[in-house]
Each structure stands twice: as C-alpha cells, then as structure tokens.
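Student: I would like a close look at one part of this protein. Please take me through its aromatic rings and what surrounds them.

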Amino acid sequence: MSDSDLAKFNAAQAALAYIKDGMVVGLGTGSTSAHFVRLLGDKVRQGLRVKGVPTSEATRNLAEQVGVPLIEISQVASIDVDVDGADEIDPQFRLIKGGGGALLREKIVAAASKRMVVIADDTKWVETLGAFPLPVEVTRFGFALTAQRIKEALQAAGCEGVDVALRVAGKANEPVITDGGNYIIDAHAKRIPDATALAALLQQIAGVVEHGLFIGLAHVVILGKAKGVDVKEI
C-alpha cells in the first residue's frame, strides 16, 4: 500500500470510532470512503448492527459485496453519522466535493445527518478552496448556457483564471452522466476567495441541480497520514 493509500486507510479506520451499534450511517463515495465501507463490513461480520445509506450506485454495490445492510434514504427520518471524503477542506471545515461525480446524493445525505465525519489524506487540507476544480451538477437541457452562467458567477465572486468545462470520460470523450442523470460542469479557478458568496450565486442559476461547495455540514475532519491521523472537531 502506498503512503497515500495508507493515509486514506488510516483516516477511514479512525472514523469507526464514531460508529455505534444501531446507527444509520451515511456511506460516502470515493477511494477513502471505499476503505471505510470495507472496514465497516468487517465490523458487521463481527456483530456490529448498522444500516447504511449509500451516496452512489458504486458505494451501494461495494456495501452489498462486503455485507453492510442498506436502507433507502426514503425510509429514514434522519441519519446518525455520515462518513464521506472530500477533494479539499479549509480551516472553516468548508469542503469541495464531487470529484467522483456523486455530489448531489452526497449533499442530500450529509444534510440529513446529525453529524458529518470527513475522512481524507492530509494533502486535502488547504488554506483556501479552489485549486481543485469545483464540480457543479447541471441539467442536460441548456447545459452550455448554464455553464456560461457558472463562469459568470465565479467571476462575480472574485475568482481569477476562471474556466468551465463539461466533464467527459472514455476514449470517445462522452459526457459523464451522474446517478441522477445529469451532467457535471467542472469550474476551474486558481482560488475561491469567498466560498459562501459563490455558493449563494450558484444556487440562483436555473439549470444548476447542485454544486460541490459543502458549507456548514462537516463536524469532524480526520486527516490521515502514512502513520496515524490528525482529528479536528468544530
């Protein structure tokens, strides 16, 4: 296991301390979250009783493989703990998420949770958000117009070096389709000087389904290292 993967594993392992018997647990998406789901599966086999709410079809498949019992989000009033990764985390516990394309379901689960525990390797901790492209989930209809509005919103929020691009994948460069059937626009900027202002501007754009700025949702941040973890609580 590489140092980077070991750091992710250590963060995921430390998150198990926040899981108690009988809890409903949000299951995040991404490589660090995958470590957590596998570790949770081990605990379930040892007798831990939990029910998981997956944030993507990929996570659902993994949870089923490792034996984590699942429950549909429509069947729960609230979620006890959501454990998920992040692409960037700042000192105010604001996040950029959506590099894996699951930001819509991830935000719905995070917002429904009593506590959000963010797990990441320590390279994800930044002073100012924005070096990682901000994912914005948009409707397919009118996506080019929506992308232009997103670019204008970043400029209005004081971002520099702004560019927007439809996320594509595969040899044919086909647009990535989210689990919700939408497209993703990746908004590139050198930095986001005011994440809260940008979030407000993006929410006003017709065609924007959800954006990858997670503000006021994280309660605990676990930063994994090759040896040990750094736990921060707000």
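Student: Does F93 count as buried or exposed, and at what relative accessibility?

Tutor: This is a predicted model, so every value here is computed from it. F93 counts as buried, because its relative accessibility is 5% and the cut-off for buried is under 20%.

Now look at the ring of F93. A search of the whole structure finds two aromatic pairs. In one of them, F93 partners W125: the ring centres are 6.4 Å apart and the planes meet at 85°, so this pair is edge-to-face. Where do the two residues sit? F93 is in the loop between strand 4 (88-89) and strand 5 (95-96), while W125 is in the loop between strand 6 (113-121) and strand 7 (134-138). The two parts are 32 residues apart in sequence, so the pair ties them together. W125 counts as partly exposed, at 24% relative accessibility.

The other pair is F143 with Y183. It is edge-to-face as well, with 5.1 Å from centre to centre and 85° between the planes. This pair also links distant parts of the chain. F143 belongs to helix 5 (residues 143-156) and Y183 to strand 11 (residues 183-188), 40 residues apart. F143 is partly exposed, with a relative accessible area of 27%. Y183 counts as buried, at 12%.

Follow Y183 into its strand. Five of the six residues of strand 11 are buried, so the rest of the structure largely encloses this strand. Two strands pair with strand 11. Strand 7 runs antiparallel to strand 11, and five bridges join them. Here V136 stands opposite I185 of strand 11. Strand 8 (residues 163-166) also pairs with strand 11 in the antiparallel sense, over four bridges. There, D163 has H188 of strand 11 as its bridge partner.

One more ring deserves a look: F214. Two lysines lie over the face of F214. K97 is 5.6 Å from the ring centre, and K107 is 5.0 Å from the ring centre.

Among the buried residues of helix 2 are H35, F36 and L40. After helix 2 comes G47, which has a positive phi, near 120°.

Conventions. Residues numbered from 1 in each chain as written. Predicted model: local features only at pLDDT ≥ 70, side-chain atom pairs only at ≥ 80, totals over all residues. Heavy atoms only, no water. Phe/Tyr/Trp six-rings, centres within 6.5 Å; stacked < 30°, edge-to-face > 60°. Buried < 20%, exposed > 50% of the residue type's maximum accessible area, 1.4 Å probe, protein only. Lys NZ or Arg CZ within 6 Å of the ring centre and 35° of its normal. Pairing = 2+ DSSP bridges.
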